[in-house]
Amino acid sequence: MVNETRTDTARFIHRHMTVKKWINYREQSYTKQELINLALDARDVFKNNDKPSALAEIAPPVLVVGDIHGQYADLMRILNTCPSKPAEKKKERPAPNNKKAGFISNRFVFLGDYVDRGSHSVECISLMFALKVHYPRQYVLLRGNHETRAINFAYGFREELQIKLGEADGHEVWEAFNETFAWMPLACLIGEKILCMHGGISQGMMINLIKQIPLPLEDVGTNALAQDLLWADPTPDQSMASALPTPQWGKNLVRGLSCTFNPAAVTETVGRLELKLIIRAHQMIPDGFKFAANHQLLTIFSAPRYMNETDNRGAIVRIQENGDFGIIVMKNTKGAGGKNPLNDELTRADDVPNESAKKKSDSAVNVMKLSQASSSKTKNSPK
Ligand SMILES: [Mn+2]
């Protein structure tokens with residue numbers, strides 16, 4: 001049990017969830033010591049009283065979230081996702097004094113890649129750690145391939161810390177965060193039937209083998225299963241270039257490490273592990289989500305307008321208590337256009353069972369406003 005935390009997490013979370021602090025992409029200011037304390041608090045939670053586990057487990061209902069990559073305004077949209085089922089809430093307006101914001105009411109599984117690429121890695125990972133410390137059983141934070149030292153040294157996180165804190169202090173905080181990343185779980189089992197990870201599956205993988213991955217895992221490259229969980233990618237049945245069948249398991253030439261797996265590999269793994277679905281992230285998807293392998297594999301990506309360079313949408317998955325699931329698509333709204341991102345809408349495409357339903361959801365979208373009553377200053381302006 002974690003009895004006392006070094007961080008006043010309630011205050012820290014409040015500060016990060018308050019509109020004024022982030023609406024115009026204004027940055028938080030941090031001290032070195034508060035970030036190191038937060039990293040230590042999060043480490044204690046992941047260590048779980050000397051019983052850390054590379055496999056997290058959580059029961060539905062739960063929201064599953066893909067890559068964030070320092071896109072703080074989009075993380076806010078996700079954390080404020082209305083907790084109730086859309087079908088019941090479609091015509092109801094949120095009660096004006098409803099204080100149960102999404103981040104308090106929902107359970108979440110985040111699939112990693114909180115840092116790098118975007119401009120607010122520090123805000124994103126700090127808020128995620130604070131939420132994990134404050135609500136340890138409500139939040140599962142998996143490790144992504146960017147929560148590794150060699151990657152976040154090069155792709156933005158370390159540099160952002162050094163800009164915010166100065167070179168020496170920034171480096172020290174970067175070290176502390178990476179020491180905590182080494183304790184994070186690498187996969188999550190939702191209701192025993194849905195397996196989630198950042199990258200992908202691994203040849204011959206078993207649930208027990210994931211549980212046996214020793215933590216802390218400083219260098220992911222020293223454990224083949226861990227490396228595949230963080231890095232692997234799916235391939236289609238046939239390669240686009242040659243029309244030849246892709247191998248069930250292949251070398252991942254795009255990443256330069258780990259493996260690729262084809263739909264037959266997914267089917268074999270799902271059958272052997274008695275799963276219903278595998279959810280992973282790790283790849284930018286224009287629609288925010290993509291099914292493969294006869295709907296046994298779902299890729300989600302939760303950073304819309306990724307790096308302000310692509311017009312992709314984002315998506316998260318809502319898994320209901322009975323295991324049914326639906327996709328919530330995040331519009332690719334231009335966040336930096338001076339518009340209040342709190343007024344963004346999520347496009348719902350719930351319970352998408354096949355491609356035709358997906359098409360339907362694309363053309364006749366059910367648009368639903370997020371419940372923002374507690375924090376929006378412009379709650380009366382229609383949208
Ligand atoms: Mn990734």
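Are Trp 249 and Phe 261 buried or exposed? Trp 249 is buried, as is Phe 261, where buried stands for under 20% relative accessible area, exposed for over 50% and partly exposed for the range in between, with a 1.4 Å probe and protein chains only. The model is predicted, so local features need pLDDT of at least 70 and side-chain atom pairs count only at pLDDT 80 or more, while totals for chains, interfaces and linings use all residues. Residues are numbered from 1 along each chain as its sequence is written, and side-chain values use heavy atoms, with hydrogens and water left out.

**Aromatic rings**
- Rings of Phe, Tyr and Trp (its six-membered ring) pair if their centres lie within 6.5 Å, and planes under 30 degrees apart count as stacked, over 60 as edge-to-face and the rest as tilted; by this rule there are 17 aromatic pairs.
- One of them, tilted, is formed by Trp 249 and Phe 261, at 6.4 Å centre to centre and 50 degrees between the planes.
- Trp 249 belongs to strand S8 (residues 249-251) and Phe 261 to strand S9 (residues 259-261), so this pair ties together parts 12 residues apart in sequence; strands (E, at least two residues) are DSSP runs, numbered from the N terminus.
- A cluster linked by ring pairs holds Phe 46, Phe 129, Phe 157, Phe 177 and Phe 181.

**Strands S13 and S14**
- Strand S13 (residues 314-319) and S14 run antiparallel and are joined by six bridges, where pairing requires that DSSP finds at least two bridges between the strands.
- Val 317 stands opposite Ile 327 in S14.
- In strand S14 (residues 325-330), six of its six residues are buried.

Key
Helix = DSSP H or I, 4+ residues; strand = E, 2+ residues; numbered from the N terminus.
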